[in-house]
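This report describes the structure shown below. Please keep the sequence and the 3D view at hand while reading.

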Amino acid sequence: MDQRTRERLPLLPVLTDTVDRRRRAAAELLAAAEHTRPGGLIPDTAGALRRAVAPKAAGHLTWAEETSTGRRRNLT
């Protein structure tokens, strides 16, 4: 077990950089979606995501719809 840990240790910086990059991208997407009116296209997504019109019961969540498939994603 200790040997496997030592073998994987050099990958740790790559993993942490990847996680941090994805976290920042998700935070930027959420911020852009929160500043977009419901039904509007979310900036910097090349028209791929539209802010979904959600019922008032789900007002604390931010939803986006893929424009090509209509599939919804919870961005929060």
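## A buried glutamate

Glu66 counts as buried because its relative accessibility is 18%; buried means under 20% relative accessible area, exposed over 50%, and partly exposed in between, with a 1.4 Å probe and protein chains only. Glu66 belongs to strand β2, residues 63-66. Leaving aside residues up to four places away in sequence, Glu66 touches Ala48, Leu49, Arg71 and Arg73, where contact means heavy atoms within 4.5 Å.

## Basis of the model

The model is predicted: local features need pLDDT of at least 70 and side-chain atom pairs count only at pLDDT 80 or more, while totals for chains, interfaces and linings use all residues. Residues are numbered from 1 along each chain as its sequence is written, and side-chain values use heavy atoms, with hydrogens and water left out.

## Fold and dimensions

The protein chain contains two helices and three strands, in the order α-α-β-β-β along the sequence. These elements are DSSP runs numbered from the N terminus: helices (H or I, at least four residues) and strands (E, at least two).

The radius of gyration of the protein chain is 18 Å, whereas a compact globule of 76 residues would have one near 11 Å. This radius is taken over C-alpha atoms, and the globule rule is 2.2 Å times the number of residues to the power 0.38. Along the principal axes, the C-alpha atoms fill a box of roughly 55 × 30 × 25 Å.

## Burial and contacts

Of the 76 residues in the protein chain, 18% are buried. Among contacts between residues at least 6 apart in sequence, 14% join residues at least 24 apart.
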